[in-house]
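Here are a few exercises to work through with the model open beside you. Try each task before reading its solution.

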Amino acid sequence: MLRNLVRKIKRFSQSERNKAPGETRGTYKHTPLSHVLEVNEARIRQAFGDSFDLVCRRVAIGKHGSIAALVVHLNEMVNPQFVSTAIIERIVDKTEHLTDPNTVYTQIRDSYLDLTDVAETHDLHKVAYEIANGNTCILVQGVAKAIVCQTQGYSQREVSQPTTESTIRGSKEGLVESLAVNLSLIRRRIRNPNLRVEQFTIGEVSQTPVALVYIEGIANPGIVAEARQRLSRIKVDSIQESGQLEEFIEDAPLSPFPTLLRTERPDRVTGNLLEGRFAIITDGSPFALIAPATFSMFLTAPEDYFERFFAGSVIRLLRYLAFLLSLTLPSLYVAITTFHQELLPTPLILSIAAQRNQIPFPAVVEAILMEIVFELLREAGIRLPVILGQAVSIIGALVIGEAALRAGLVSAAMVVVVALTGISSFVTPIFSLAISVRLLRFPLMILASALGLFGILAGLASMLTHLLTLRSFGVPYLEPIAPFVAGEQRDVVFRAPWWAMNRRPRFVEEQTDKRVAPGQIPRPPEPEQTKDPGR
Amino acid sequence: MKSNKALRLTVYLIAIMSLMWAASGCWSRREIEDLAFVMAIGVDRSPSGNIQMTAQFAKPEAMGSAEGPKSQEKPFWVATTEGHTMFEAFRNLGYISPKRPYLPHNNFYIFGEDLFREMGIKPFLDLINRDPEPRLTARISVVKGATAKDLLQAEFEGMPMSAVALRGIMNHLTKAWGTIHETTIRDFLDRMESEGIEPIAMGAEVIPFEPDIEIEGEVSREQIKARATLGGTAVFKGDYLVGWLDNFETRGLNWILGKVNNTVVEFPHPGAEDKRVSVEILRATGSFEVQVEDEDVRAFIEVNAVGNLGCIQEPVDFIKQPEVWTQFEKGAEKAIEDEIARAVAALQRLGSDAVGFGQYIFRRKPKEWESLKHRWDEIFPAIGVDIDVTVHLRGMGVVLKSAETK
């Protein structure tokens with residue numbers, strides 16, 4: 001019976017797969033435009049189901065207004081000022097001396113429009129989608145073609161500070177939901193024609209524009225081709241956020257670890273582009289995806305590169321420590337207090353023993369309980385309106401922390417452990433890695449409660465083995481730690497000074513061009529130049 | 001197909017992990033609150049001739065916390081059991097302690113002197129050596145003239161838990177006097193098993209408490225029966241206790257072994273009758289050599305010490321009499337020499353080669369040791385010793401002259 005069910009599911013999923021999602025819905029197949037303006041208008045109206053925001057403006061153009069034309073757009077997707085001055089005004093004024101519809105059409109297309117981006121189509125289907133995309137189409141009576149004018153103008157968020165990755169030093173700009181704005185943020189940082197932007201339209205229904213960005217000559221063409229191939233493979237009705245895209249193109253869909261880096265910072269995008277990676281930017285999402293992603297990238301903050309390298313290195317070291325703490329601290333507490341009491345110094349173990357004396361739960365229950373409470377508080381803090389955020393912290397700190405302690409439900413040491421774990425997990429700069437750590441903490445705690453330190457070690461060993469098998473677009477996830485690449489250690493745990501970071505990661509196309517010209521260490525001028533100052 | 005395989009693997013892994021949790025039964029799991037932390041173990045002879053074990057347990061809940069005043073309750077409790085063997089006696093603690101007695105945090109093994117009247121220490125050490133729980137870094141000490149039980153009931157000011165307080169005294173004496181030779185169980189076993197050297201243990205004493213000072217507000221003085229201290233050395237031969245070194249003989253031994261860190265040496269003032277001088281030794285190195293020529297064995301002991309002038313009872317003008325400085329150095333050298341000579345004489349009298357003269361021969365001249373070792377008991381008491389002590393005094397403190405009356 002079960003086998004039948006599995007077979008049915010398989011058959012179902014196969015039949016689904018064979019059919020492109022768009023086909024199942026009521027959209028247009030390839031339909032040529034008609035010579036008759038009224039037919040075209042009717043068809044366009046039909047395509048939009050007479051939506052009230054569809055504007056079909058009949059304009060009389062040519063000599064004495066002898067030729068009928070149609071300007072179609074969606075009311076709120078275009079800049080209306082633009083449509084009236086750059087299109088309608090001009091096609092009425094400029095065509096006053098013309099009588100032949102075909103000439104009118106060509107003249108409009110080639111010279112009259114005050115626009116930079118003008119295209120042409122024969123297809124009604126295309127016309128409808130261009131209108132849906134915020135463009136304006138011009139149709140002329142007697143011509144079976146349409147001019148597509150780029151007139152997109154919809155409200156969008158201003159470029160503002162990135163809220164999920166803030167820095168003290170460094171650019172304060174964050175990506176926004178508009179693809180065009182995001183591309184401009186990137187282009188502005190790399191003003192080089194070699195910066196390539198390839199556009200994909202993903203989502204049969206949503207028709208979301210997605211851009212693949214890389215630098216020709218630095219990015220490995222094999223990796224870029226792989227990205228291109230994975231993107232074009234996606235058949236889905238809509239993409240609303242880059243996270244959806246991530247799940248379609250990642251290397252290890254079942255791994256708890258992310259194999260694509262998501263970021264809200266344009267400087268992080270460009271920094272990675274310059275190291276030979278590519279970025280995928282999705283319209284409607286302020287998060288860019290970067291790949292190939294390696295583990296060390298997730299523990300890197302942009303500030304590491306902007307502060308002087310001593311500070312950058314030490315803070316990064318601190319971040320690695322915090323990563324380990326946030327992963328293992330609760331399980332270490334459980335293992336040590338239930339199996340290895342001999343490991344702690346006597347005063348400390350006595351202090352913990354004194355606190356645990358009245359606690360009704362075993363250490364592992366206490367730990368899991370407190371971790372769940374902490375996760376609840378964190379989730380509540382994210383979901384709640386900002387105004388209520390304070391209420392959460394009061395409940396969290398006072399009610400749960402203090403009262404649970406006083407009620408003897410948890411020990412003070414456990415509260416310290418949970419708090420330290422929480423703080424440590426906030427240190428991880430990329431949230432997607434912090435989430436995996438949050439998840440992995442629980443199995444580790446269970447292992448610790450069953451087998452002590454041995455269990456933690458077994459858990460960490462299998463986690464490490466898993467990490468070693470991971471690849472992101474062909475690049476080993478733990479590179480350059482394993483496989484060890486000596487030359488790249490300059491930017492893993494420690495960050496070498498900029499004048500010493502002369503190599504790109506080894507997966508880039510050509511290693512020959514150095515990032516930094518050699519011998520740029522600032523040093524005092526040579527003695528010859530300053531000799532005999534008195535003379 | 002690949003994802004199917006991965007999925008199956010994941011399912012297997014989860015199944016194995018959950019089984020492991022259930023099947024292992026949380027092997028050797030013990031919650032911290034179910035443990036009674038043993039801080040010190042005392043071993044005596046019971047009236048019936050068995051082993052009497054006294055365990056001092058920490059009482060963590062009485063240790064006070066950051067909040068609220070400390071309770072008047074003592075932070076430890078003491079239990080006594082009997083048994084034919086150490087192991088049995090230890091397990092018998094389970095009849096008294098509601099929590100499982102837990103040894104790894106034990107600091108001290110204390111033996112009553114009486115225990116060694118008729119028997120050696122070996123039978124008592126086997127459990128400590130064999131069982132994984134006790135630490136070999138715990139210190140070993142023998143109580144002079146009292147039982148270990150008395151010592152564990154003694155009280156201390158400032159550090160209410162006597163095991164911790166004893167450790168404090170031990171650390172202080174080791175760092176500032178050198179009149180004690182800090183001995184761990186491992187040191188003891190090493191010495192016992194090694195060729196040509198005899199084991200020693202720290203000496204401890206119970207001091208009966210007679211409250212001669214009354215301070216208002218002090219807590220329950222009348223309840224304190226005894227205090228205790230460490231000092232001196234219990235000298236063993238084989239595994240038998242043969243006698244004691246007093247504090248300064250112990251320091252004499254420590255000079256030879258280079259175990260003196262910082263100490264105070266005092267000697268008669270060279271320029272004034274009945275007045276004395278103390279110097280502070282900042283660091284000292286000690287070494288010895290043993291020469292064997294046919295049947296004649298001689299030991300050469302060399303000690304180098306650097307120190308400061310500590311205090312003088314009679315002022316000296318060092319500018320007018322610079323030779324006094326050298327006299328002070330000579331005086332300190334003489335005092336140290338005397339201590340070393342006393343220590344060696346005491347060990348020779350007890351017939352226990354605790355310095356390790358034999359070990360020196362064994363290591364450097366193993367063939368000669370073969371012929372000597374059977375008669376070492378006769379040779380050792382007669383070994384001639386040359387002692388060469390050099391003291392270099394550097395500083396005179398923060399004043400040039402002593403304060404003088406007008």
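**Exercise 1.** How many Å separate the centres of domain 1 of chain B and domain 2 of chain B, taken over C-alpha atoms?

*Solution.* Some ground rules to begin with: this is a predicted model, where local features need pLDDT of at least 70, side-chain atom pairs count only at pLDDT 80 or more, and totals for chains, interfaces and linings use all residues. Residues are numbered from 1 along each chain as its sequence is written, while chains are lettered from A and ligands numbered from 1 in the order in which they are written.

Step 1: find the domains. Chain B splits into domain 1 (31-245) and domain 2 (247-406), with bounds from an automatic or database domain assignment.

Step 2: take the centres over C-alpha atoms; they are 31 Å apart.

Step 3: look at the contact, which takes 22 residues from domain 1 of chain B and 26 residues from domain 2 of chain B. (Contact is when C-beta atoms, placed from the backbone, lie within 7 Å.) On the domain 1 side, strand 8 (226-237) of chain B gives the largest share, six residues. Helices (H or I, at least four residues) and strands (E, at least two) are DSSP runs, numbered from the N terminus.

**Exercise 2.** Work out the strand order of the open sheet of four strands in chain B, and see what packs on that sheet.

*Solution.* Step 1: the order is 10-11-12-13, with mixed pairing. (Two strands pair if DSSP finds at least two bridges between them.)

Step 1: strand 10 (263-268) and strand 13 (384-395) of chain B each pair on one side only, making them the edge strands.

Step 2: strand 12 (residues 296-312) of chain B pairs with strand 13 of chain B in the parallel sense, over 11 bridges. Within strand 13 of chain B, V391(B) is the residue opposite A305(B).

Step 3: helix 8 (residues 323-350) of chain B packs on the sheet, and its direction makes about 145 degrees with that of strand 13 of chain B. Axes are lines fitted to C-alpha atoms, for helices over the stretch in contact, and angles run from 0 to 180 degrees between N-to-C directions.

Note on methods:
Contact = placed C-beta atoms within 7 Å.
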